[in-house]
2 protein chains.
Amino acid sequence: MKLLKERILQDGKCFEGGILKVDSFINHQMDPTLMKAIAVEFVRRFASERFNKVMTIEASGIAPAIMVGFLLDLPVIFAKKKKPKTMEHMLSARVFSFTKEREYDICLSRDFLTPGDRVLFIDDFLANGNAALGAIELIDQAGAQLAGMGFIIEKAFQQGGGILRDRGIHIESLAMIDSLDNCRIHIRD
Amino acid sequence: MKLLKERILQDGKCFEGGILKVDSFINHQMDPTLMKAIAVEFVRRFASERFNKVMTIEASGIAPAIMVGFLLDLPVIFAKKKKPKTMEHMLSARVFSFTKEREYDICLSRDFLTPGDRVLFIDDFLANGNAALGAIELIDQAGAQLAGMGFIIEKAFQQGGGILRDRGIHIESLAMIDSLDNCRIHIRD
(Lines give C-alpha, C1' and ligand atoms only; values in the text may rest on other atoms or scores of the structure.)
Protein backbone atom coordinates (compact mmCIF):
# COMPACT_ATOMS: atom_id res chain seq x y z
CA MET A 1 0.00 0.00 0.00
CA LYS A 2 1.90 2.95 -1.44
CA LEU A 3 0.33 5.75 0.62
CA LEU A 4 1.11 3.93 3.88
CA LYS A 5 4.69 3.06 2.90
CA GLU A 6 5.40 6.66 1.95
CA ARG A 7 3.93 7.86 5.23
CA ILE A 8 6.04 5.40 7.27
CA LEU A 9 9.19 6.56 5.47
CA GLN A 10 8.22 10.20 5.98
CA ASP A 11 6.92 10.20 9.57
CA GLY A 12 8.02 6.89 11.12
CA LYS A 13 10.89 7.02 13.58
CA CYS A 14 13.41 4.29 14.05
CA PHE A 15 15.31 3.63 17.29
CA GLU A 16 18.05 1.24 18.48
CA GLY A 17 16.87 -2.32 19.04
CA GLY A 18 14.46 -2.61 16.12
CA ILE A 19 11.94 -0.12 17.42
CA LEU A 20 9.70 1.64 14.92
CA LYS A 21 7.55 4.50 16.22
CA VAL A 22 4.52 5.49 14.17
CA ASP A 23 2.82 7.36 16.97
CA SER A 24 2.35 10.57 15.01
CA PHE A 25 -0.17 8.96 12.62
CA ILE A 26 -1.17 5.43 13.78
CA ASN A 27 -1.09 4.65 17.48
CA HIS A 28 -1.08 7.79 19.64
CA GLN A 29 -1.98 10.55 17.24
CA MET A 30 -4.04 9.03 14.42
CA ASP A 31 -4.72 10.21 10.88
CA PRO A 32 -8.36 9.19 10.32
CA THR A 33 -8.21 9.68 6.55
CA LEU A 34 -5.19 7.37 6.30
CA MET A 35 -7.01 4.98 8.65
CA LYS A 36 -9.98 4.90 6.27
CA ALA A 37 -7.66 4.22 3.31
CA ILE A 38 -6.08 1.39 5.34
CA ALA A 39 -9.54 -0.06 6.00
CA VAL A 40 -10.46 0.11 2.31
CA GLU A 41 -7.26 -1.83 1.52
CA PHE A 42 -8.14 -4.50 4.13
CA VAL A 43 -11.62 -4.83 2.61
CA ARG A 44 -10.03 -5.34 -0.82
CA ARG A 45 -7.48 -7.88 0.41
CA PHE A 46 -10.05 -9.97 2.30
CA ALA A 47 -12.69 -9.71 -0.44
CA SER A 48 -12.54 -13.49 -1.00
CA GLU A 49 -13.15 -14.36 2.67
CA ARG A 50 -16.48 -14.76 4.44
CA PHE A 51 -16.77 -13.15 7.88
CA ASN A 52 -19.51 -11.57 9.96
CA LYS A 53 -17.47 -9.87 12.67
CA VAL A 54 -14.30 -7.77 12.99
CA MET A 55 -12.11 -8.33 16.04
CA THR A 56 -9.16 -6.46 17.50
CA ILE A 57 -7.31 -5.85 20.77
CA GLU A 58 -7.40 -2.52 22.61
CA ALA A 59 -6.19 0.15 22.15
CA SER A 60 -4.36 0.80 18.87
CA GLY A 61 -6.29 -1.83 16.91
CA ILE A 62 -9.62 -0.10 17.52
CA ALA A 63 -9.28 2.70 14.95
CA PRO A 64 -8.51 0.49 11.91
CA ALA A 65 -11.01 -2.16 13.07
CA ILE A 66 -13.91 0.28 13.49
CA MET A 67 -13.19 1.68 10.01
CA VAL A 68 -13.31 -1.82 8.47
CA GLY A 69 -16.52 -2.53 10.40
CA PHE A 70 -18.01 0.74 9.20
CA LEU A 71 -17.19 0.08 5.54
CA LEU A 72 -18.74 -3.41 5.71
CA ASP A 73 -21.47 -2.63 8.29
CA LEU A 74 -20.25 -5.41 10.59
CA PRO A 75 -20.01 -5.42 14.39
CA VAL A 76 -16.52 -4.86 15.83
CA ILE A 77 -15.36 -6.44 19.08
CA PHE A 78 -12.21 -5.58 20.98
CA ALA A 79 -10.45 -7.80 23.50
CA LYS A 80 -9.59 -5.99 26.73
CA LYS A 81 -6.15 -6.11 28.28
CA LYS A 82 -7.40 -6.15 31.87
CA LYS A 83 -9.37 -8.86 33.55
CA PRO A 84 -12.73 -7.42 34.62
CA LYS A 85 -13.99 -7.98 38.18
CA THR A 86 -16.42 -10.64 37.12
CA MET A 87 -15.04 -13.29 34.80
CA GLU A 88 -18.30 -15.11 34.17
CA HIS A 89 -18.94 -15.43 30.45
CA MET A 90 -15.33 -14.42 29.78
CA LEU A 91 -12.85 -15.89 27.34
CA SER A 92 -9.29 -15.24 28.43
CA ALA A 93 -5.76 -15.86 27.09
CA ARG A 94 -2.31 -14.96 28.36
CA VAL A 95 0.03 -12.95 26.13
CA PHE A 96 3.74 -12.24 26.63
CA SER A 97 4.80 -8.84 25.34
CA PHE A 98 8.46 -8.63 24.30
CA THR A 99 8.21 -4.85 23.95
CA LYS A 100 6.93 -4.40 27.48
CA GLU A 101 8.72 -7.46 28.92
CA ARG A 102 5.68 -8.64 30.82
CA GLU A 103 2.69 -10.95 30.58
CA TYR A 104 -0.87 -9.70 30.33
CA ASP A 105 -4.29 -11.22 29.84
CA ILE A 106 -6.65 -10.47 27.00
CA CYS A 107 -10.34 -11.00 27.68
CA LEU A 108 -13.51 -11.05 25.65
CA SER A 109 -17.10 -11.70 26.64
CA ARG A 110 -18.58 -14.98 25.39
CA ASP A 111 -21.71 -12.97 24.62
CA PHE A 112 -19.99 -11.36 21.63
CA LEU A 113 -17.97 -14.25 20.19
CA THR A 114 -19.96 -17.41 19.58
CA PRO A 115 -19.61 -20.70 17.67
CA GLY A 116 -21.42 -19.30 14.62
CA ASP A 117 -19.00 -16.39 14.18
CA ARG A 118 -16.44 -16.05 11.38
CA VAL A 119 -13.90 -13.43 12.44
CA LEU A 120 -11.60 -11.03 10.61
CA PHE A 121 -8.87 -9.98 13.06
CA ILE A 122 -7.29 -6.52 12.56
CA ASP A 123 -4.36 -4.99 14.46
CA ASP A 124 -1.75 -2.28 14.02
CA PHE A 125 1.44 -4.36 14.39
CA LEU A 126 2.57 -7.94 13.75
CA ALA A 127 5.97 -8.65 15.31
CA ASN A 128 6.47 -11.77 17.42
CA GLY A 129 2.86 -12.73 16.89
CA ASN A 130 2.06 -13.25 20.56
CA ALA A 131 -0.96 -10.94 20.65
CA ALA A 132 -2.26 -12.55 17.44
CA LEU A 133 -1.83 -16.04 18.94
CA GLY A 134 -3.73 -14.86 22.02
CA ALA A 135 -6.54 -13.64 19.79
CA ILE A 136 -6.62 -17.03 18.01
CA GLU A 137 -6.87 -18.72 21.41
CA LEU A 138 -9.93 -16.60 22.27
CA ILE A 139 -11.52 -17.47 18.91
CA ASP A 140 -10.79 -21.19 19.52
CA GLN A 141 -12.23 -21.04 23.06
CA ALA A 142 -15.41 -19.51 21.66
CA GLY A 143 -15.67 -22.23 19.01
CA ALA A 144 -15.68 -19.48 16.37
CA GLN A 145 -13.77 -19.53 13.06
CA LEU A 146 -10.89 -17.27 12.00
CA ALA A 147 -11.32 -15.94 8.44
CA GLY A 148 -8.10 -13.92 8.25
CA MET A 149 -5.75 -11.54 10.02
CA GLY A 150 -4.84 -8.08 8.76
CA PHE A 151 -2.01 -5.94 10.10
CA ILE A 152 -1.11 -2.37 9.21
CA ILE A 153 2.62 -3.02 9.72
CA GLU A 154 4.49 -6.32 9.86
CA LYS A 155 8.03 -6.50 11.19
CA ALA A 156 8.99 -9.17 8.67
CA PHE A 157 12.35 -9.73 10.39
CA GLN A 158 10.54 -11.09 13.44
CA GLN A 159 8.87 -14.46 13.71
CA GLY A 160 5.13 -13.72 13.96
CA GLY A 161 4.35 -13.66 10.23
CA GLY A 162 6.06 -17.01 9.69
CA ILE A 163 4.28 -18.69 12.61
CA LEU A 164 0.84 -17.52 11.46
CA ARG A 165 1.39 -18.31 7.76
CA ASP A 166 2.68 -21.80 8.67
CA ARG A 167 -0.70 -22.42 10.27
CA GLY A 168 -2.32 -21.72 6.91
CA ILE A 169 -3.96 -18.50 8.09
CA HIS A 170 -4.73 -15.84 5.48
CA ILE A 171 -2.43 -13.00 6.60
CA GLU A 172 -2.33 -9.56 4.99
CA SER A 173 0.16 -6.91 6.09
CA LEU A 174 -0.10 -3.53 4.39
CA ALA A 175 3.54 -2.59 4.99
CA MET A 176 6.32 -5.18 5.45
CA ILE A 177 9.36 -3.88 7.29
CA ASP A 178 12.35 -5.98 6.21
CA SER A 179 14.87 -4.34 8.50
CA LEU A 180 15.38 -1.53 10.97
CA ASP A 181 19.15 -2.07 11.14
CA ASN A 182 21.27 1.00 11.85
CA CYS A 183 18.06 2.92 12.57
CA ARG A 184 17.06 2.91 8.91
CA ILE A 185 13.60 1.80 7.78
CA HIS A 186 13.68 -0.74 4.94
CA ILE A 187 10.18 -1.40 3.58
CA ARG A 188 9.50 -4.21 1.08
CA ASP A 189 8.38 -2.99 -2.38
CA MET B 1 -30.39 11.68 19.73
CA LYS B 2 -33.38 9.41 19.12
CA LEU B 3 -31.55 6.45 17.51
CA LEU B 4 -29.12 6.25 20.42
CA LYS B 5 -31.81 6.56 23.10
CA GLU B 6 -33.86 3.80 21.50
CA ARG B 7 -30.78 1.59 21.28
CA ILE B 8 -29.91 2.16 24.96
CA LEU B 9 -33.47 1.26 26.00
CA GLN B 10 -33.39 -1.80 23.74
CA ASP B 11 -29.89 -3.19 24.37
CA GLY B 12 -28.56 -1.42 27.48
CA LYS B 13 -28.47 -3.43 30.68
CA CYS B 14 -28.97 -1.99 34.11
CA PHE B 15 -27.48 -3.43 37.31
CA GLU B 16 -27.66 -2.67 41.05
CA GLY B 17 -25.62 0.36 42.12
CA GLY B 18 -26.33 2.60 39.12
CA ILE B 19 -24.42 0.49 36.61
CA LEU B 20 -25.42 0.77 32.95
CA LYS B 21 -23.84 -1.71 30.55
CA VAL B 22 -23.80 -0.81 26.87
CA ASP B 23 -21.10 -3.30 25.95
CA SER B 24 -23.10 -4.96 23.18
CA PHE B 25 -22.97 -1.83 20.98
CA ILE B 26 -20.63 0.84 22.43
CA ASN B 27 -17.67 -0.29 24.52
CA HIS B 28 -16.83 -3.96 23.99
CA GLN B 29 -18.79 -4.92 20.91
CA MET B 30 -19.30 -1.79 18.82
CA ASP B 31 -21.86 -0.93 16.16
CA PRO B 32 -19.82 1.11 13.66
CA THR B 33 -22.89 2.45 11.84
CA LEU B 34 -24.32 3.76 15.11
CA MET B 35 -20.85 5.12 15.92
CA LYS B 36 -20.84 7.05 12.65
CA ALA B 37 -24.31 8.46 13.39
CA ILE B 38 -23.03 9.48 16.85
CA ALA B 39 -20.07 11.25 15.22
CA VAL B 40 -22.36 13.12 12.80
CA GLU B 41 -24.40 14.32 15.77
CA PHE B 42 -21.24 15.54 17.56
CA VAL B 43 -20.20 17.42 14.40
CA ARG B 44 -23.63 19.09 14.32
CA ARG B 45 -23.61 20.02 18.00
CA PHE B 46 -20.11 21.51 17.91
CA ALA B 47 -20.63 23.26 14.56
CA SER B 48 -20.22 26.68 16.22
CA GLU B 49 -16.86 25.81 17.82
CA ARG B 50 -13.40 26.13 16.28
CA PHE B 51 -11.03 23.20 16.83
CA ASN B 52 -8.18 21.56 14.94
CA LYS B 53 -7.80 18.32 16.89
CA VAL B 54 -9.99 15.61 18.43
CA MET B 55 -8.87 14.09 21.72
CA THR B 56 -10.03 11.08 23.72
CA ILE B 57 -8.82 8.54 26.30
CA GLU B 58 -8.20 4.89 25.47
CA ALA B 59 -9.95 2.55 24.90
CA SER B 60 -13.69 3.11 24.50
CA GLY B 61 -13.36 6.74 23.42
CA ILE B 62 -11.30 5.83 20.35
CA ALA B 63 -14.16 4.61 18.13
CA PRO B 64 -16.37 7.73 18.40
CA ALA B 65 -13.32 10.03 18.29
CA ILE B 66 -11.87 8.49 15.11
CA MET B 67 -15.28 8.80 13.42
CA VAL B 68 -15.49 12.51 14.32
CA GLY B 69 -11.91 12.99 13.11
CA PHE B 70 -12.73 11.17 9.88
CA LEU B 71 -15.84 13.28 9.17
CA LEU B 72 -13.89 16.52 9.74
CA ASP B 73 -10.48 15.31 8.45
CA LEU B 74 -8.80 16.26 11.73
CA PRO B 75 -6.07 14.39 13.64
CA VAL B 76 -7.22 12.36 16.63
CA ILE B 77 -5.07 11.86 19.74
CA PHE B 78 -5.76 9.44 22.55
CA ALA B 79 -4.38 9.66 26.08
CA LYS B 80 -2.89 6.38 27.31
CA LYS B 81 -3.78 4.88 30.65
CA LYS B 82 -0.31 3.52 31.33
CA LYS B 83 2.84 5.49 31.87
CA PRO B 84 5.32 4.59 29.15
CA LYS B 85 8.91 3.66 30.08
CA THR B 86 10.27 7.02 29.03
CA MET B 87 8.33 10.00 30.30
CA GLU B 88 10.28 12.68 28.44
CA HIS B 89 7.93 14.88 26.43
CA MET B 90 4.99 13.46 28.36
CA LEU B 91 1.99 15.23 29.83
CA SER B 92 0.49 13.27 32.69
CA ALA B 93 -2.48 13.55 35.06
CA ARG B 94 -3.85 11.34 37.81
CA VAL B 95 -7.45 10.12 37.62
CA PHE B 96 -9.49 8.37 40.30
CA SER B 97 -11.95 5.85 38.91
CA PHE B 98 -15.01 5.27 41.11
CA THR B 99 -16.06 2.31 38.95
CA LYS B 100 -12.73 0.56 39.36
CA GLU B 101 -11.98 2.00 42.82
CA ARG B 102 -8.40 2.84 41.95
CA GLU B 103 -6.20 5.65 40.68
CA TYR B 104 -4.53 5.60 37.28
CA ASP B 105 -2.46 7.97 35.19
CA ILE B 106 -3.36 9.28 31.78
CA CYS B 107 -0.47 10.33 29.55
CA LEU B 108 -0.08 12.13 26.27
CA SER B 109 3.01 13.10 24.30
CA ARG B 110 3.77 16.83 24.22
CA ASP B 111 4.58 16.29 20.53
CA PHE B 112 0.88 15.94 19.73
CA LEU B 113 -0.72 18.55 21.99
CA THR B 114 0.81 22.01 21.71
CA PRO B 115 -0.02 25.61 22.69
CA GLY B 116 -1.58 26.34 19.29
CA ASP B 117 -4.12 23.49 19.53
CA ARG B 118 -7.86 23.89 20.04
CA VAL B 119 -9.25 20.55 21.17
CA LEU B 120 -12.63 18.82 20.95
CA PHE B 121 -12.68 16.09 23.61
CA ILE B 122 -14.87 13.02 22.94
CA ASP B 123 -15.58 10.09 25.29
CA ASP B 124 -18.17 7.37 25.76
CA PHE B 125 -19.32 8.16 29.33
CA LEU B 126 -19.59 11.19 31.61
CA ALA B 127 -20.29 10.20 35.21
CA ASN B 128 -18.22 11.69 38.04
CA GLY B 129 -16.20 13.64 35.51
CA ASN B 130 -12.82 12.53 36.81
CA ALA B 131 -11.49 11.30 33.46
CA ALA B 132 -12.73 14.51 31.80
CA LEU B 133 -10.99 16.63 34.47
CA GLY B 134 -7.80 14.63 33.85
CA ALA B 135 -8.08 15.38 30.13
CA ILE B 136 -8.54 19.10 30.89
CA GLU B 137 -5.39 18.96 33.06
CA LEU B 138 -3.42 17.53 30.10
CA ILE B 139 -4.79 20.27 27.82
CA ASP B 140 -3.83 22.93 30.42
CA GLN B 141 -0.33 21.46 30.85
CA ALA B 142 0.15 21.65 27.08
CA GLY B 143 -1.02 25.26 27.00
CA ALA B 144 -3.69 24.22 24.50
CA GLN B 145 -7.34 25.35 24.47
CA LEU B 146 -10.44 23.24 25.08
CA ALA B 147 -13.20 23.93 22.53
CA GLY B 148 -15.80 21.52 23.92
CA MET B 149 -16.48 18.08 25.36
CA GLY B 150 -18.85 15.54 23.84
CA PHE B 151 -20.07 12.38 25.56
CA ILE B 152 -22.17 9.58 24.14
CA ILE B 153 -23.90 8.95 27.49
CA GLU B 154 -24.10 11.20 30.54
CA LYS B 155 -25.18 9.84 33.90
CA ALA B 156 -27.02 13.05 34.77
CA PHE B 157 -27.61 11.86 38.35
CA GLN B 158 -23.86 11.99 38.99
CA GLN B 159 -21.81 15.13 39.46
CA GLY B 160 -19.54 15.31 36.39
CA GLY B 161 -21.91 17.24 34.11
CA GLY B 162 -22.53 19.91 36.76
CA ILE B 163 -18.83 20.36 37.51
CA LEU B 164 -17.90 20.78 33.84
CA ARG B 165 -20.84 23.08 32.97
CA ASP B 166 -20.06 25.26 36.03
CA ARG B 167 -16.65 25.87 34.48
CA GLY B 168 -18.37 27.28 31.40
CA ILE B 169 -17.30 24.41 29.16
CA HIS B 170 -19.45 23.60 26.13
CA ILE B 171 -20.71 20.11 27.02
CA GLU B 172 -22.85 17.95 24.74
CA SER B 173 -24.18 14.58 25.85
CA LEU B 174 -26.15 12.61 23.29
CA ALA B 175 -28.13 10.62 25.86
CA MET B 176 -28.83 11.89 29.40
CA ILE B 177 -29.59 9.15 31.91
CA ASP B 178 -31.71 10.70 34.69
CA SER B 179 -31.90 7.61 36.83
CA LEU B 180 -31.04 3.92 36.98
CA ASP B 181 -33.06 3.35 40.17
CA ASN B 182 -34.60 -0.09 40.62
CA CYS B 183 -32.57 -1.26 37.60
CA ARG B 184 -34.74 0.74 35.21
CA ILE B 185 -33.22 3.08 32.63
CA HIS B 186 -34.79 6.56 32.63
CA ILE B 187 -33.53 8.64 29.69
CA ARG B 188 -34.31 12.35 29.40
CA ASP B 189 -36.55 13.28 26.42
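I began with the secondary structure of chain A and counted five helices and 11 strands, where helices (H or I, at least four residues) and strands (E, at least two) are DSSP runs numbered from the N terminus. The radius of gyration, taken over C-alpha atoms, was set against the globule rule of 2.2 Å times the number of residues to the power 0.38. For chain A the radius is 16 Å, close to the 16 Å that the rule gives for 189 residues, so the chain is as compact as a globular protein of that length.

I noted the conventions: this is a predicted model, in which local features need pLDDT of at least 70 and side-chain atom pairs count only at pLDDT 80 or more, while totals for chains, interfaces and linings use all residues. Residues are numbered from 1 along each chain as its sequence is written, chains are lettered from A and ligands numbered from 1 in the order in which they are written, and side-chain values use heavy atoms, with hydrogens and water left out.

I next looked up burial, and found that buried residues make up 54% of the 189 residues in chain A; buried means under 20% relative accessible area, exposed over 50%, and partly exposed in between (1.4 Å probe, protein chains only). With contact meaning heavy atoms within 4.5 Å, residues 24 or more positions apart account for 63% of the chain A contacts that have a separation of 6 or more.

I then traced the open sheet, which has seven strands in the order S11(A)-S10(A)-S9(A)-S8(A)-S4(A)-S5(A)-S3(B) with mixed pairing; two strands pair if DSSP finds at least two bridges between them. At its edges I found strand S11 (186-187) of chain A and strand S3 (29-30) of chain B, each pairing on one side only. Within the sheet, strand S4 (residues 53-57) of chain A runs parallel to strand S8 (residues 118-126) of chain A over three bridges, and A:Val54 has A:Leu120 in S8(A) as its bridge partner.

I finished with the backbone, keeping in mind that most residues other than glycine have a negative phi, and most peptide bonds are trans. A cis peptide bond joins A:Glu58 and A:Ala59, with omega about -5°, and A:Ala59 sits in the loop between S4 and helix H3 (62-72) of chain A. In chain B, the bond from B:Glu58 to B:Ala59 is cis, with omega near -5°.

I also recorded A:Asp73, which is not a glycine but has a positive phi of about 55°, in the loop between H3 and strand S5 (76-79) of chain A. A:Cys183 likewise has a positive phi of about 55° without being a glycine, and A:Cys183 counts as partly exposed at 32% relative accessibility.
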